[in-house]
Structure formats: C-alpha cells, structure tokens
Protein chains: 4
Amino acid sequence: MFNSFGHLFRVTTWGESHGPALGCVVDGCPPGIPLTEPDIQPWLDARRPGQSRFTTQRQEADQVEILSGTYEGRTTGTPISLLIRNTDQRSKDYSEIAQKFRPGHADLTYHLKYGLRDPRGGGRSSARETAARVAAGGVARAALAILIPAARIRGALVQVGPHAIDRASWDWDEVPKNPFWSPDPKAAETWTAYLDGLRKSGNSVGAIVELVAEGVPAGLGAPIYAKLDSDIAMALMTINAVKGVEIGAGMAAATLTGSENADEIFMGNDGRPRFSSNHAGGILGGISSGQDIVARFAVKPTSSILTPRRTITVTGEETEIVTKGRHDPCVGIRAVPVGEAMLACIILDHFLLHRGQVGDAGGRIG
Amino acid sequence: MFNSFGHLFRVTTWGESHGPALGCVVDGCPPGIPLTEPDIQPWLDARRPGQSRFTTQRQEADQVEILSGTYEGRTTGTPISLLIRNTDQRSKDYSEIAQKFRPGHADLTYHLKYGLRDPRGGGRSSARETAARVAAGGVARAALAILIPAARIRGALVQVGPHAIDRASWDWDEVPKNPFWSPDPKAAETWTAYLDGLRKSGNSVGAIVELVAEGVPAGLGAPIYAKLDSDIAMALMTINAVKGVEIGAGMAAATLTGSENADEIFMGNDGRPRFSSNHAGGILGGISSGQDIVARFAVKPTSSILTPRRTITVTGEETEIVTKGRHDPCVGIRAVPVGEAMLACIILDHFLLHRGQVGDAGGRIG
Amino acid sequence: MFNSFGHLFRVTTWGESHGPALGCVVDGCPPGIPLTEPDIQPWLDARRPGQSRFTTQRQEADQVEILSGTYEGRTTGTPISLLIRNTDQRSKDYSEIAQKFRPGHADLTYHLKYGLRDPRGGGRSSARETAARVAAGGVARAALAILIPAARIRGALVQVGPHAIDRASWDWDEVPKNPFWSPDPKAAETWTAYLDGLRKSGNSVGAIVELVAEGVPAGLGAPIYAKLDSDIAMALMTINAVKGVEIGAGMAAATLTGSENADEIFMGNDGRPRFSSNHAGGILGGISSGQDIVARFAVKPTSSILTPRRTITVTGEETEIVTKGRHDPCVGIRAVPVGEAMLACIILDHFLLHRGQVGDAGGRIG
Amino acid sequence: MFNSFGHLFRVTTWGESHGPALGCVVDGCPPGIPLTEPDIQPWLDARRPGQSRFTTQRQEADQVEILSGTYEGRTTGTPISLLIRNTDQRSKDYSEIAQKFRPGHADLTYHLKYGLRDPRGGGRSSARETAARVAAGGVARAALAILIPAARIRGALVQVGPHAIDRASWDWDEVPKNPFWSPDPKAAETWTAYLDGLRKSGNSVGAIVELVAEGVPAGLGAPIYAKLDSDIAMALMTINAVKGVEIGAGMAAATLTGSENADEIFMGNDGRPRFSSNHAGGILGGISSGQDIVARFAVKPTSSILTPRRTITVTGEETEIVTKGRHDPCVGIRAVPVGEAMLACIILDHFLLHRGQVGDAGGRIG
C-alpha cells in the first residue's frame with residue numbers, strides 16, 4: 001500500500017534514480033479512453049530536467065512506453081503499465097554519499113528505517129520518481145478530457161525565495177513562455193537574476209507552486225476522511241521536498257474574520273451558484289462547490305548545495321559534506337508539472353468515486 | 001472507505017450532530033493495552049465545548065462508552081467500538097437552514113453531492129464529529145504509552161487572527177492554564193480582549209495550531225505515498241475548517257536558501273543523531289528522523305456569524321442569511337485537542353506499519 | 001482493515017458475544033435510499049436463534065437501531081451505524097472455558113495470537129457477530145431494491161450431513177415453510193428425524209448452503225484481484241465455521257470435460273444472451289454474465305458438543321472437555337440468511353464499483 | 001485496487017497475453033532480503049508451458065527481470081518491479097475470436113463490462129497473467145526463507161477428471177518426477193493415458209490442486225474479514241478457471257458430525273500443541289494453529305476445445321465456434337505452482353500483519 005495512491009483510479013509507482021527504469025501501474029482507468037504514448041509524452045517533456053540553466057543538467061529522454069492496458073489506441077479498463085528507462089546514469093563514485101548522510105536528504109532516515117539504502121542518486125527518494133507520477137497524470141488527463149471536458153488543470157510558480165509574483169499581473173498565457181512557469185513576466189525577470197546569483201554561489205532556494213483546476217463539477221469529494229482537500233493535501237505532500245500545502249486562503253485563513261472569509265453565494269445565469277470570492281478554494285466540507293479548485297504548496301530549497309555542511313558518517317563520526325553534481329538551484333520549478341499531475345489524478349479519482357456512490361442522484365438548485 | 005483513516009490502526013467514525021449518538025470503531029489496536037473509559041474521557045473533556053466564553057455554549061457531556069474490544073480492562077486486539085451520546089439537541093427550527101445555504105458551510109456542497117442533507121446542526125459536517133476522533137486518539141495514546149513510552153504529543157494555539165505568540169516565551173506549562181491552549185500567557189491576554197470584541201460584534205476569526213511530537217523513534221513513515229508527513233497532512237486537512245498544513249518550516253521553506261534550510265547533523269551523546277535546527281519538522285524523505293515532529297495547521301474563522309451574508313435558497317432565489325446560535329468565535333481553539341488526537345493516531349499507525357514491514361531490521365549509527 | 005469488507009460499499013463490524021452490544025458501520029451507501037429499522041429487522045428476525053429446536057435456544061431480541069446516516073427515512077450518503085444490544089447474557093461460570101481450549105473453536109488460536117481472549121461465549125469469534133452482517137445485508141438489500149430492482153438474492157439449505165436435497169424437487173416457496181430453509185419438503189422431513197437423533201446424543205453435523213442471485217446485470221466484477229467470484233469466496237469464507245466455497249459447478253468442475261462444462265450461448269428474446277446451462281455460476285473471468293449467480297458453502301458441524309473430547313489447558317496440561325450450553329445441532333441452518341446478506345453486500349459493492357469505473361460505457365450485443 | 005492483493009505485502013499485476021510484456025509490482029517487502037533473478041526464475045520455469053505434451057505448446061522463455069527495489073542483491077524495502085517479456089506472440093488471425101464469444105471464456109463478459117476487449121490470446125484474462133503471480137511468489141518465498149525458515153509451501157495435483165490419487169501413496173518426492181505434480185506415481189500413469197485420450201479427441205478436463213504449508217507459526221490471520229482462510233480463498237479463487245476452494249475438510253465438512261470433526265488437542269514434546277487430526281486445515285477462527293495449512297482448489301476444464309460449441313457474435317447472430325490453437329488439455333496441471341505462489345504471498349502478508357499489530361505480545365502454552 002506504501003507506493004500507491006488513489007481509491008478507484010489508483011497509481012502505483014516504482015523505481016530508483018539509477019536502476020534500469022522507473023514507472024507506474026495505473027489501475028481503474030475507465031475503458032474506451034483514447035490513449036497512446038503521444039498523449040502522455042508532452043507532460044513528461046514539460047517536467048524533464050535540463051531544459052534551462054535553472055534546473056538540473058541531468059539529461060534524461062524520459063520516453064514513456066505503454067506496456068499494457070490499451071488496445072488499438074484505447075484503454076481497455078485493465079491496468080496500464082508505463083515504463084520510463086533511465087538513460088543518463090553517469091558512472092560516478094557514490095562511495096562518499098554511501099558513507100555520509102547529506103543534510104536535508106533522506107539518506108539518514110532510509111538508513112535508519114531499512115538498514116540499507118541505494119546511495120546512487122538518492123535511490124527511491126530521488127525526484128526522478130516524480131516522472132512516474134507525471135506519466136500517470138497524463139493518463140488522468142486523457143480520461144478527464146472525455147469525462148469532464150470542461151476541466152482544465154494548470155499550475156504556475158508564484159514565489160521564488162522572497163520574490164512573489166504580482167497577482168494583478170497574472171496571465172496564464174505567460175506561463176509556458178518562461179523557464180519558471182511564471183504567470184507574471186516581471187517576476188520571471190526578477191527570478192532570473194536572483195537564481196543566477198544563487199546558482200553561481202552553489203546555493204539554492206525554495207518556492208511556491210499554485211494549482212488551479214477550472215471546470216470541476218460540484219459534488220466531488222468524499223467526507224470525512226477522503227475529502228477532496230485532504231486527498232489533495234496528501235497528494236501534494238508526497239512530492240519530494242514539499243513542506244506545506246494550502247487550499248484557497250490557506251494559512252492566511254488564520255488572519256481572516258468570518259465576515260471577510262465568507263464567500264457569498266449568488267445565482268449564476270447558467271443555473272449554477274456563483275460566489276463573491278473564493279477563500280474556500282472551491283471546496284466546502286471536503287466537497288467541490290463548482291468554483292475553481294485552488295491549491296498551493298511550498299517546496300524547500302534543494303538540499304544538494306556546494307556550501308559545506310556538518311554531518312555524520314554511518315559509523316558515527318562527525319564530518320563535513322559538499323554535494324556536487326547536477327542539481328536544481330530551485331527544485332520548485334520542476335514541481336509545477338508534478339503538482340498538476342497529482343491534482344489531475346485526484347480529481348479523476350473523485351469523479352469516479354462520486355459516480356460510483358451517487359450516480360446521477362445528486363442535487364440541483366432551483 | 002470514505003469515513004476511515006489509518007492503515008493498520010484504522011479508525012472509522014460515524015454520526016451526525018443531532019442524531020442519537022456518534023462514535024467510532026478503532027480497528028487494529030494492539031492487544032494487551034490497558035484501556036478503560038477513564039483513559040479516554042480526559043481527552044474528550046479537553047475538547048468539550050462550553051468551557052469558556054470563547055467556545056460554543058452548547059453543553060454536551062461527551063461521555064464515552066466502550067462497547068467492544070476490551071476484556072478485564074485490556075484491549076483484546078479486536079475492534080474497539082466507542083459511543084458518545086448526543087445529549088444537547090435543542091429543539092430548534094431548522095427550516096431556514098434547510099432552505100438556505102450558509103456561506104462557508106457544507107450545506108451547498110452536501111446538497112449538490114447527495115441530493116439531500118440533514119440540516120440539523122450541520123449533520124455529518126458538524127464539528128461534533130471531531131469528538132469521535134478525539135476518542136480514537138485516546139486509544140492511540142493508551143497504546144503509545146506502552147509501545148513508545150517516550151513519546152509525548154502536545155498541541156498549542158500559536159496564532160489568533162493577526163496575533164501570533166512570541167515564540168521566545170513558549171512555555172508548555174502555560175498551555176492548560178488559559179482557555180486558548182496558548183504557550184505564551186501574554187498572547188492569551190491579547191486574544192482575550194480581541195476575541196471579546198469579535199464575539200460581541202457577532203464576528204469570528206481564524207487561528208493556527210501547532211503540534212509537537214517528542215520522543216518519536218527514527219524510521220516511521222512509508223515512502224512514497226504513505227509518508228509520515230503526507231499522512232499527517234491528510235489527517236489534519238480532514239479536520240473541519242482547516243485550510244493549510246505545514247511540516248517544520250512549512251510554507252516559509254519557500255523563502256529559505258539551501259544553506260539556511262540545512263539541518264546539520266551531529267552525533268548525540270546517546271548514540272543517536274542530533275541536529276543544529278529542525279526546518280524538516282522531524283521528517284526527511286517521508287520518514288521520521290528522531291527529531292521532534294512539528295506540524296501546524298490553519299483553521300478558518302467560524303462561518304456561522306451574525307453579520308448578514310448574501311446567499312441563495314434551494315430553489316435558486318437570492319436572499320440573505322444570519323446564522324444565530326451557539327457558535328465558537330474562534331473554532332481553532334477547540335481544534336487543538338483534535339489535532340493532537342489525529343497526530344497520535346498517525347504516529348501509532350506508522351509505528352505498527354514499520355514493525356510489520358521491517359521488524360528490528362532497521363539501521364543504526366556507529 | 002481487519003474487520004471491514006467491501007470496496008465502495010464497505011462494512012465494518014464490531015462486538016463480542018457477551019459485551020453490551022454489537023453492530024456495524026456501513027460506509028459508502030448511496031444517498032436517497034429509503035431506510036428505517038423495519039427495512040432491516042426482518043432479516044435479523046430470520047437469522048435469530050431460538051426459533052426451532054434445531055438452533056441454539058439462546059434468546060436474543062436482536063433489535064437493530066439506526067444511529068446515523070439517515071434523515072427523514074432516507075440514507076444521506078454518510079456512514080450508517082447499526083447497533084444491536086446483547087440481551088441474553090446469562091450469568092454463567094466461564095472459568096472452565098477460560099482455562100481449557102475447546103477443540104474446533106478459536107480459543108486456542110486467539111490465545112496464541114493475542115496473548116489474551118474474552119472467554120465469554122466465544123468473544124469476538126462467536127457466531128453472534130453474524131447478526132451485524134445480516135443488518136448490513138439489510139442495508140444492501142434496500143439499496144439494491146432501488147438500484148437493481150430485478151435482483152433477487154435467496155438462499156437455501158441443500159445438504160445436512162449425508163442427506164442432500166432432491167434438486168428435481170426444488171421449490172423456493174417451500175424455503176420459509178420449514179425450520180431448515182429447505183427447498184425440498186421431503187429433505188426437511190429427513191433432516192428433522194436425523195437432527196433430532198443428533199441433538200439427543202449431544203452431537204452435531206455439518207451442512208451445505210446454496211445461494212442464488214437472479215437479475216444481476218452483466219458486467220459486475222473487477223478482474224483480476226477483485227473478481228466477483230473471489231470477493232464472494234472471501235465473503236463466504238469469513239462466515240464462522242465455513243470450510244469450502246463453490247461457484248457454479250464448484251469442486252465438481254474437476255470431473256467435467258470441456259465439452260460437458262461449456263455453457264453454450266444463444267440469443268435471448270430480450271436481446272440478451274442466454275445459456276444452455278450454468279456451470280459457470282453466472283461468472284466468467286470474474287465478471288457477471290447476466291446468468292444467475294450461484295454459490296455454495298459448506299459449514300462444519302458445531303464444535304460445542306456433549307461428547308467428551310481431549311484437549312489441553314492454558315498451562316499445558318492434557319485434559320478433557322464437554323461443552324454444555326445452548327448450542328445449534330446444525331449451525332449451518334442459521335448460516336442461510338448470513339450467506340444471503342454477504343452476497344447482497346458484495347453484489348451492491350460491485351454494482352457501485354462498476355458504475356464508478358465504467359459508467360454507461362459497457363458493451364451491448366447486436 | 002482491482003489488480004492488487006495483499007495488505008502489507010501487496011502485489012499489483014499488469015499485462016496482457018499478447019502485449020509487449022507483463023509483470024508486477026511487489027510493495028511492502030521487508031528490506032535486507034537476498035534477492036536476485038535466479039531466486040525467482042526457478043518458480044517461473046516450473047510454471048512455464050510447453051514442458052510436456054499435457055500443457056500448451058506455446059513457448060515462452062518467461063525470463064524475469066528485476067527493475068527496482070534491490071541494491072547489491074538485497075531488497076531495500078522499496079517496491080520491486082518485475083518484468084517478463086512476451087516472446088511467443090504468433091502472428092495469428094484473431095478476427096474470428098474478435099467477432100464470436102468463446103463459451104467458458106471471458107470474451108462475453110469483458111465485452112459487456114468494458115465495451116471493448118483485446119481479443120489476442122484472451123488479453124488480460126489469459127492464464128499468462130499467472131506468470132506475474134508466480135514471480136511475486138518467488139519474492140515472497142525469498143522473504144519467508146529469512147523470516148520463517150521452517151516454512152515449506154508445496155502443492156500437488158490430487159485429481160484429474162474422475163481419477164483421484166490414492167492418499168495412502170502420497171509421496172512428496174514423486175511430485176517433481178512426473179509432468180503432473182502428482183504425489184502418487186500410479187495416478188500419474190492413469191492420468192497419462194486418460195489425458196492422451198482427451199487430447200487426441202480435442203477435449204479437456206478439470207482437476208483439483210492441493211496446497212500444504214508446513215512450519216507456519218500459530219497466530220497468523222486477522223479476524224473477522226482478513227482471516228487467513230478467507231484471504232486464501234480469495235487468492236485461490238482469483239486464479240483463472242478456479243470454481244471451488246476448500247480449507248481442511250472442505251466441502252466434506254458438511255457430512256461430518258461434531259465428534260468426527262473435532263481435532264483433539266494434546267501437548268507436544270516441543271511445548272506446542274499437537275492434534276489428533278487436521279479437519280481444520282490448520283486454521284481456527286481465521287487464525288493459524290501451528291498445524292499444516294491445507295487448502296484445495298478445483299480448476300475447470302480448459303474452455304478452448306476442438307468440439308464445436310454454439311455461441312453468438314458481437315452483433316447477436318447465433319453461430320458455432322471451434323477453438324483451435326495450442327491449449328492445455330488440463331489447465332489444472334499448470335495451476336500447481338500458481339497456487340503455491342499465492343499461498344506464499346498470503347502467508348508472508350499475514351506474518352507481517354501479525355508482527356505489526358501484535359509484535360511479540362502473543363500467548364504461549366504453559
């Protein structure tokens with residue numbers, strides 16, 4: 001159960017950074033969905049490292065292969081096995097990493113938990129694992145395109161270190177035009193200079209990603225312990241280096257009064273409710289309201305930095321470590337497509353759960 | 001699966017605000033644990049409303065009954081059924097709430113999802129449901145007392161509206177001495193005046209709760225999709241009105257550089273690692289490191305306020321609503337023991353999972 | 001997870017033979033289903049002991065109470081908590097049973113597994129637990145009445161000891177007319193004499209129950225590891241004292257040739273396939289075919305008998321035991337409504353699973 | 001959830017008969033277990049078809065590759081991905097099978113459930129899927145070798161059509177010496193002649209497999225709905241073509257009296273209980289007693305036969321079909337290693353579950 005998520009649309013990922021391959025099994029996908037490799041590959045291409053100087057220079061083709069679950073270009077309802085080969089496994093000396101625990105990495109905790117660990121590139125705890133989720137997200141998107149054609153799931157980077165975007169300048173069209181997925185071109189400029197400085201000094205920095213799902217119907221989410229927001233929180237917190245998750249107003253909800261926080265309800269021209277604001281992030285009582293689903297997550301700075309840090313060895317000696325290699329100065333950048341993929345999987349899963357339990361017995365207004 | 005959480009130590013809650021009773025079934029508890037009602041009741045008493053003017057004046061005895069799973073005062077390994085009767089169900093006219101959707105509440109989404117809803121006191125979406133979790137948390141604490149005697153799980157309120165505590169003044173002994181669970185007595189004074197003002201104006205405000213688990217052994221947590229932090233995030237996000245969850249540095253991790261964020265590792269006198277700081281919140285790669293587990297969550301302001309708000313009726317007419325009744329001006333206060341209970345359940349669950357998969361095959365330093 | 005079954009329609013039972021009560025939580029029931037206690041009680045009445053001299057003389061009212069999950073007589077989609085009080089707990093001396101392990105009972109294995117056990121009436125391993133399943137089955141039937149109105153789930157006793165029914169005489173109308181649920185009145189006469197003899201000699205005997213579900217649509221079942229037949233096998237094998245489960249031809253399939261076993265397919269007047277025979281028991285590849293679902297299970301003889309049997313004590317001494325008390329000479333009789341209840345739960349669960357994954361994308365003939 | 005089984009030791013299989021590959025992901029395996037391909041391959045070799053004239057002549061190398069989850073020849077505790085390429089995909093015309101439903105096969109039900117199906121070699125419903133289980137069973141056996149060294153899990157064919165073995169002649173050493181896994185060499189002779197006759201006439205026949213697990217400690221099994229026997233029943237019933245499952249006395253328990261059925265208990269010289277007989281099949285109340293675990297399952301005759309059978313087409317015309325190709329005259333033969341693999345997985349899973357919940361708190365005698 002450890003390496004799976006989702007209830008009906010269930011994804012199991014496997015693989016290490018430096019093994020022969022990694023991948024996932026996607027179980028519970030509806031049948032009859034058009035799906036071939038070209039439906040999935042673009043999402044992997046978006047996540048792929050080495051596309052700008054602000055992400056790791058590791059070069060992975062990240063070519064996805066569908067090994068099962070489709071026939072003549074459509075899903076059959078049986079499990080979809082997706083495989084991505086690891087191609088850029090530089091022959092490297094891992095003996096230092098095998099002996100020393102890198103601060104901020106999972107080296108220490110994998111050792112203490114399992115008694116052994118694969119030190120090559122972080123093994124299972126490597127961010128390479130997220131390629132498998134992005135592939136699964138590609139399947140979810142293909143199914144959503146049929147089942148909820150109006151749904152649109154997008155993400156953007158909204159803060160890098162201390163530099164947040166100007167929300168008044170938000171423009172989705174800008175997102176793919178800069179190497180940061182920034183919806184604010186001015187912020188992208190600021191980040192360029194800021195990250196160049198950090199990169200040269202061998203340092204790194206954290207970031208915040210925002211996800212927005214438009215067109216999600218009301219009624220998705222299963223209270224109390226499979227709420228749409230609790231499942232989103234779980235899903236985003238599983239992404240490497242994530243330390244915080246917010247829905248709607250998020251942590252700032254603490255500072256609001258009840259009268260400020262109330263999203264007042266009106267009747268839309270389309271017979272559906274509309275709201276004066278969206279502090280709820282589209283979710284009330286764990287169930288989608290029909291508003292945009294809005295989630296954010298904070299990614300900590302890359303732990304692999306050139307600044308020497310104090311640590312210990314497996315035999316308990318105190319020492320120092322410098323983590324060289326091809327590392328992202330801001331690993332949050334590449335988390336954007338990963339977060340989108342997780343959100344797509346969760347929304348599809350809850351669509352299926354809702355259809356299973358409720359069918360078309362849901363309520364209407366008017 | 002919707003109303004259950006946990007993998008091996010699995011809790012299923014049930015019940016509505018105004019039904020005859022609510023409760024839970026706790027499955028997978030280890031056998032031989034001393035457990036009688038007096039082991040659980042104090043935690044329910046701590047959560048119980050009506051203990052100060054800052055929480056709802058609803059008066060519920062919240063007496064827990066153990067209906068199964070123990071024999072001669074010890075757990076038998078079979079499911080533990082806990083029952084709490086609803087005693088303060090004031091005869092009240094719910095016809096307005098049945099017709100109008102209260103902004104910020106789950107009224108609208110339950111209607112749209114299920115086609116019908118129990119309007120009495122919020123039905124299943126009422127914060128009364130959290131009593132069942134607190135009872136389950138009492139069982140988890142009883143088991144932890146035997147299995148991880150060093151573990152200590154505590155919570156505190158650290159922010160109310162714009163007023164945060166002074167962390168330099170943190171004193172756990174102060175927490176039970178004020179009606180807010182504040183570790184900073186000065187903050188408690190500030191909040192008293194602030195909340196009195198809000199209460200009189202019929203308004204409400206959000207808050208932030210911080211949880212700390214000391215004495216948790218290294219190695220708990222099951223990457224990648226049952227990480228200790230992702231399970232904590234899920235668990236806290238299921239609590240009513242929670243909009244954000246943080247581990248360690250949380251959302252602020254976005255603003256840190258890699259060199260700031262690195263928790264350097266040293267060798268403790270007890271043969272276990274110690275750290276220069278705890279930005280990680282005690283969790284690396286989804287696995288506990290032996291440091292304190294630190295989590296925070298933001299609770300939105302109570303949605304039931306006296307300020308009139310715009311809304312619609314089930315038949316689609318636009319109207320206005322004022323939610324009278326016995327409501328918490330700051331529902332975050334009562335979330336403290338609820339958060340503690342959820343954290344206790346998750347930690348026990350991961351202790352059992354780890355023991356199941358790994359036994360005593362974990363690693364050591366030195 | 002130990003005391004729950006079902007995927008979307010998920011039942012968690014709890015309770016011991018001699019605790020204050022037993023019950024279950026039914027999660028995932030569709031909303032809007034008419035449900036009050038009188039919908040459930042008849043099924044419990046059918047299972048209730050003490051209705052003839054062929055079942056235990058223990059007298060339990062087995063009155064079910066709905067504690068949650070309904071509003072104004074309809075299900076709300078939230079968990080349904082069902083409670084049945086234990087009323088006939090005779091004050092009895094359990095010291096011998098606490099010291100000696102009864103052969104065929106779970107005394108020994110509960111002791112070895114858990115280190116302690118509730119000796120009163122078998123504790124959790126008592127057949128009283130099945131009352132909770134029958135109550136859950138009542139909920140499933142209420143939902144099936146709305147969702148699959150054509151479905152009809154019935155059971156019958158088809159063999160007692162060496163005496164099988166004459167299948168040529170099968171008459172469903174006879175089933176409720178005799179104390180054995182026999183579809184063959186002549187077999188009922190034979191069993192009467194046979195069981196009277198066994199009862200007087202303090203002995204007991206096994207039996208076979210057959211379940212038939214008519215009107216189940218094609219397409220239910222989720223290969224490979226949640227097949228309709230594997231879920232039925234699991235469900236029936238969890239019933240106390242069951243040692244074998246068959247689908248369709250069952251164990252006798254071993255003796256058939258391929259040409260004998262083939263259920264040839266024809267086109268029905270209703271546009272659906274019909275078959276020359278039903279060796280498959282209505283399930284092919286784990287999926288229902290639209291034919292009747294046919295399952296059977298064997299129940300071993302009641303282990304509590306008056307004949308002295310050799311056993312050991314908890315301290316390891318060899319000794320002898322005679323189990324007095326109010327025991328069923330043929331516990332298989334009361335298993336009929338239990339088996340029906342389990343089958344109803346599984347079929348509803350798979351209906352919901354199928355609706356979730358496939359919706360109305362299934363195939364047709366012609 | 002559909003293509004996974006097991007609780008802590010969880011296996012997810014994927015793949016079709018004629019896709020590029022099939023395989024499985026094994027999650028929850030304990031760390032530190034020696035595991036390389038040569039530990040798994042022998043079990044696949046035993047299952048592999050084409051080794052005698054009594055199984056299909058399809059030639060598959062069934063070479064297993066470990067893609068993840070091990071490092072330097074030991075398991076790391078992370079998911080183990082196993083891949084088996086499909087090599088013998090004869091270019092064949094599947095247009096007839098795509099149009100007609102073969103009686104006894106899953107063609108019809110996959111079509112009705114999913115709206116489309118992969119007709120090549122049965123797609124997902126092919127017995128080739130069992131190769132993935134056997135591979136997973138190899139992992140389970142490697143873990144059991146470390147965790148329960150005394151455990152020995154073996155299977156044998158005990159009946160082919162009407163011809164059962166003579167149990168007095170049971171000799172485990174004979175099992176690998178004949179192409180049927182028969183423990184009785186005389187029965188093997190009988191079957192040779194009998195199956196040669198069937199094969200020549202293009203017919204097939206059913207069979208019964210018996211599994212025995214020795215050396216399984218007492219205490220495994222989690223009542224009430226994850227009983228060791230209900231999990232075994234589920235697991236065996238998922239194997240292609242299985243129609244019945246028995247534990248211990250099985251269906252014959254129906255014919256026994258209580259005094260016959262009682263397995264009397266004595267004190268063994270090793271301080272553990274011993275029994276006068278094993279009607280229980282080593283399981284009481286869903287928990288292992290320390291006796292041998294004994295399970296049996298019936299496999300129906302291969303549905304692909306040369307005798308013409310009546311059927312219908314996807315467009316609803318009545319027609320006839322003859323299934324040519326390389327088919328097993330008795331598919332039950334190859335089910336022996338599959339059954340063993342399933343039993344190994346279930347026993348390991350319950351060992352881990354028990355260790356998780358109970359640790360070393362179980363009871364002793366004396």
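Two strands are said to pair if DSSP finds at least two bridges between them, and the legends below use the word in this sense for a model that is predicted.

**View 1. An open sheet of five strands in chain A.** The strands of this open sheet follow the order β1-β2-β3-β7-β4 in chain A, and their pairing is antiparallel. At the edges stand β1 (4-5) and β4 (64-66) of chain A, each of which has a single partner strand, so one side of each is left without a neighbour in the sheet. Within the sheet, strand β3 (residues 21-27) of chain A runs antiparallel to strand β7 (residues 80-85) of chain A, and six bridges join the two. One position to look for is A:Gly23, which stands opposite A:Leu83 in β7(A).

**View 2. The interface of chain C and chain D.** The size of an interface is often given as the accessible area lost when the parts come together. For chain C and chain D this buried area is about 9000 Å², with carbon and sulfur atoms giving 64% of it, and the contact takes 113 residues from chain C and 114 residues from chain D. Between the two chains there are 54 residue pairs in polar contact, counting pairs with both residues at pLDDT 80 or more. On the side of chain C that touches chain D, helix α3 (residues 107-114) of chain C gives the most, with seven residues. Sorted by class, that side of chain C has 57 nonpolar, 41 polar and 15 charged residues.

**View 3. A salt bridge and a strand pair between chain C and chain D.** The rule finds two salt bridges across this interface, and one of them is formed by D:Glu264 with C:Arg309, whose closest N and O atoms are 4.0 Å apart. The chains also pair through strand β11 (residues 242-247) of chain C and strand β11 (residues 242-247) of chain D, which are antiparallel and share three bridges. In this pair, C:Val245 stands opposite D:Val245 in β11(D).

**View 4. A mostly covered helix in chain C.** In helix α6 (residues 228-237) of chain C, ten of its ten residues are buried. Among them are C:Leu228, C:Asp229, C:Ile232, C:Met234 and C:Met237.

View 5. C:Arg102 counts as buried because its relative accessible area is 6%, and buried means under 20%. Leaving aside neighbours within four places in sequence, C:Arg102 is in contact with C:Ile97, C:Asp107, C:Gly122, C:Ser304, C:Ile321 and C:Thr323.

Methods: Residues are numbered from 1 along each chain as its sequence is written. Chains are lettered from A and ligands numbered from 1 in the order in which they are written. This is a predicted model: local features need pLDDT of at least 70, side-chain atom pairs count only at pLDDT 80 or more; totals for chains, interfaces and linings use all residues. Side-chain values use heavy atoms; hydrogens and water are left out. Contact means heavy atoms within 4.5 Å. Buried area is the accessible area (1.4 Å probe) that two parts lose on being put together, summed over both. A salt bridge is a side-chain nitrogen of Lys or Arg within 4 Å of a carboxyl oxygen of Asp or Glu. A polar contact is a pair of N or O atoms within 3.5 Å; within protein, one must be able to donate a hydrogen and the other to accept it, and residues adjacent in sequence count only if both atoms are side-chain atoms. Helices (H or I, at least four residues) and strands (E, at least two) are DSSP runs, numbered from the N terminus. Ala, Val, Leu, Ile, Met, Phe, Trp, Tyr, Cys and Pro count as nonpolar, Asp, Glu, Lys and Arg as charged, and the others, Gly among them, as polar. Buried means under 20% relative accessible area, exposed over 50%, partly exposed in between (1.4 Å probe, protein chains only).
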